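Reader: I would like to learn how to read a fold from its elements. Can you take me through one?

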Amino acid sequence: MTTHTPAHTTTHTLPTGTYLVLRRTAATGAPLWQRVACALIRWRLVSAYCHGGILQVTPSGKLHLWHATGTRGLHCVDDDFDPAKWHAHPLPQATAQAVPSRFAANAGAGYDWLSLLAFVLPWRVSDRKRLYCFEWCALAMGLPVAGRITPELLLAAYAMKGEHHARQN
């Protein structure tokens, strides 16, 4: 039996804040089925990304990665984040402040395999008690979770929130 050792415990290059993070590859050491799933997701979504989450970097440097996975549903992983494998997009302060309570309200939700059918069927099928990774990111960012949530939709919303935030300052 092997034990899991976090990829990075204290070494990261991100300043304190909360980020939308998107990953292009399956996790390091992922089994074959997860690597294949990552490739299929990128192919079907015509996207560079196969997974997303919300990362919080605390003032003390502690990392909290909130994400939904097929094996664990919506959960938090502490200090297991390799910034080289993710693209990080800082969230506006108002959005960032709401993320912990949004996570607390949804923590433990199962993975929404049913909603993934929306990417192959002409209609939306969903289970409101479950979330897939991009749905969680949309919810965390305060976006409506309706229709097909893709990494590009999240990036467009991120850009819009960033523009709105910049105009307010």
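Predicted model: local features only at pLDDT ≥ 70, side-chain atom pairs only at ≥ 80, totals over all residues.

Reader: What is the order of the strands in the open sheet?

Author: The general idea comes first. Strands of a sheet pair through backbone hydrogen bonds, either parallel or antiparallel. Here the order is β4-β3-β2-β1-β5, 5 strands with antiparallel pairing. The twist averages 25° from one strand to the next.

Reader: Which strands stand at the edges?

Author: β4 (73-78) and β5 (86-90) do. Each has a single partner strand, so one side of each is left without a neighbour in the sheet.

Reader: How many bridges join β2 to β3?

Author: Strand β2 (residues 51-57) and strand β3 (residues 63-69) run antiparallel and are joined by 4 bridges. For one partner in β3, take His 64, which bridges to Gln 56.

Reader: Which strands does α2 touch?

Author: α2 packs on the sheet and touches β1 (17-23), β2, β3 and β4. The direction of α2 makes about 125° with that of β4.

Reader: Which residues of α2 are buried?

Author: Think of the helix repeat. An α-helix has 3.6 residues a turn, so residues three or four places apart point the same way. In α2, the buried residues include Thr 95, Ala 96, Ala 98, Val 99 and Phe 103.

Reader: What span should the 14 residues of α2 have?

Author: At 1.5 Å a residue, helix α2 (residues 93-106) should span 20 Å. The end C-alpha atoms of α2 are 21 Å apart, which agrees.

Reader: Where does α2 bend?

Author: At Val 99, by about 30°. A proline, Pro 100, follows within four residues. Gly 108 comes after α2, and its phi is positive, near 90°.

Reader: Now the rings. How many aromatic pairs does the structure hold?

Author: There are 5 aromatic pairs. Tyr 111 and Trp 113 form one that is edge-to-face, at 4.7 Å centre to centre with 65° between the planes. Tyr 111 is buried, with a relative accessible area of 11%. Trp 113 is partly exposed, at 49%.

Reader: Why is the pair of Tyr 132 and Phe 134 edge-to-face?

Author: Look at the planes. They stand at 90°, with the ring centres 6.5 Å apart, so the pair is edge-to-face. Tyr 132 and Phe 134 are both buried.

Reader: Which residues do ring pairs link into a cluster?

Author: Trp 66, Phe 103 and Trp 136. Phe 103 is also one of the buried residues of α2.

Notes. Residues numbered from 1 in each chain as written. Heavy atoms only, no water. Phe/Tyr/Trp six-rings, centres within 6.5 Å; stacked < 30°, edge-to-face > 60°. Buried < 20%, exposed > 50% of the residue type's maximum accessible area, 1.4 Å probe, protein only. Helix = DSSP H or I, 4+ residues; strand = E, 2+ residues; numbered from the N terminus. Expected span 1.5 Å × (residues − 1). Bend = angle between axes of the 7 residues up to and from the residue. Pairing = 2+ DSSP bridges. Axes fitted to C-alpha atoms, helices over the stretch in contact; angles between N-to-C directions. Contact = heavy atoms within 4.5 Å.
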